[in-house]
Amino acid sequence: MIILMQTLDVVGRTKLRTDRWLVAAATFFTVAVLVHNSDHLRRGVDAVSKDVFWVGTSSIIIEVGLVVLACQRHRLAPLAAAVGGFSLAAGYLVVHFLPSRSWLSDSFTSATTVSPLSWFAASLEVVAAVTLGVVGLIVLRERGCLASATRPWEGQRSLRDGLLHPVALTMIAGNAVILVASLTQL
């Protein structure tokens with residue numbers, strides 16, 4: 001009986017720990033996304049092509065969704081964090097760190113003047129997205145790999161709780177303000 005109770009205690013602590021890891025990674029990601037999006041606002045909507053503006057704007061839906069899933073402690077959160085984190089990091093790299101090209105390009109490497117703040121903001125967002133992806137993979141492994149995404153997660157909270165989590169609220173409200181301010185520049 002004591003061994004069973006100790007095992008349940010270890011499993012419970014593992015669940016809490018992995019949930020905290022995801023929320024911590026989502027918090028870092030939220031800060032990085034808001035810093036980067038604020039830098040785009042600072043630079044002005046006209047500083048990027050329309051395709052970069054609209055693809056970046058639409059990616060906010062994915063970014064917010066990843067954070068809400070993590071804050072909700074959803075069973076799919078680790079898988080979404082891994083797939084979404086690495087995919088977004090690749091997208092950020094393509095847009096900002098590859099040489100200039102005709103489509104989806106806001107190349108810092110080809111530009112003659114890029115502020116240190118822009119370099120920092122874009123780099124931070126890449127690092128945060130990779131961190132989210134790595135933490136997603138680690139948590140997925142800790143929870144039992146892909147099979148864990150198919151079964152209920154005991155710690156999962158309601159969508160309302162996920163949306164009202166301070167990190168999710170910060171991501172939603174911050175991006176809403178930046179988006180409205182950006183749209184007024186169009």
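Which residues have the most contacts inside the largest nonpolar core? They are Leu22, Phe29, Val67, Tyr92, Leu132 and Met171, and the core they sit in has 29 residues. A nonpolar core here is a set of buried Ala, Val, Leu, Ile, Met, Phe, Trp, Tyr and Cys residues joined through side-chain atoms within 4.5 Å. Buried means under 20% relative accessible area, exposed means over 50%, and partly exposed is in between (1.4 Å probe, protein chains only).

Before going on, keep in mind that this is a predicted model: local features need pLDDT of at least 70, side-chain atom pairs count only at pLDDT 80 or more, and totals for chains, interfaces and linings use all residues. Residues are numbered from 1 along each chain as its sequence is written, and side-chain values use heavy atoms, with hydrogens and water left out.

At least two of its residues come from each of helices H1 (2–43), H2 (50–72), H3 (77–97), H4 (116–143) and H6 (166–185). Helices are DSSP runs of H or I, at least four residues long, numbered from the N terminus. Apart from this core lies another one, of six residues, including Val45, Val48, Val52 and Val95.

Leaving aside residues up to four places away in sequence, Tyr92 touches Phe29, Val33, Glu63, Phe97, Glu125, Val126 and Ala129, where contact means heavy atoms within 4.5 Å.

Now for how the helices pack. H3 and H4 meet at an angle of about 155°, with their axes 7 Å apart. Axes are lines fitted to C-alpha atoms, for helices over the stretch in contact, and angles run from 0 to 180 degrees between N-to-C directions. H3 and H4 are therefore roughly antiparallel to each other, a label for angles over 145 degrees. The contact of H3 with H4 has 19 nonpolar, five polar and two charged residues.

H2 and H6 make another pair: their axes come within 9 Å and cross at roughly 165°, so H2 is roughly antiparallel to H6. Among the residues making the contact are Phe53, Trp54 and Ile60 of H2, and Val167, Met171 and Leu179 of H6.

Finally, look at Asp161 in helix H5 (residues 159–164). With a relative accessible area of 37%, Asp161 is partly exposed. Asp161 and Gln72 are 89 residues apart in sequence, yet 6.3 Å apart in space, C-alpha to C-alpha.

Terms used
Angles under 35 degrees count as roughly parallel, over 145 as roughly antiparallel, 65 to 115 as roughly perpendicular and the rest as oblique. Ala, Val, Leu, Ile, Met, Phe, Trp, Tyr, Cys and Pro count as nonpolar, Asp, Glu, Lys and Arg as charged, and the others, Gly among them, as polar.
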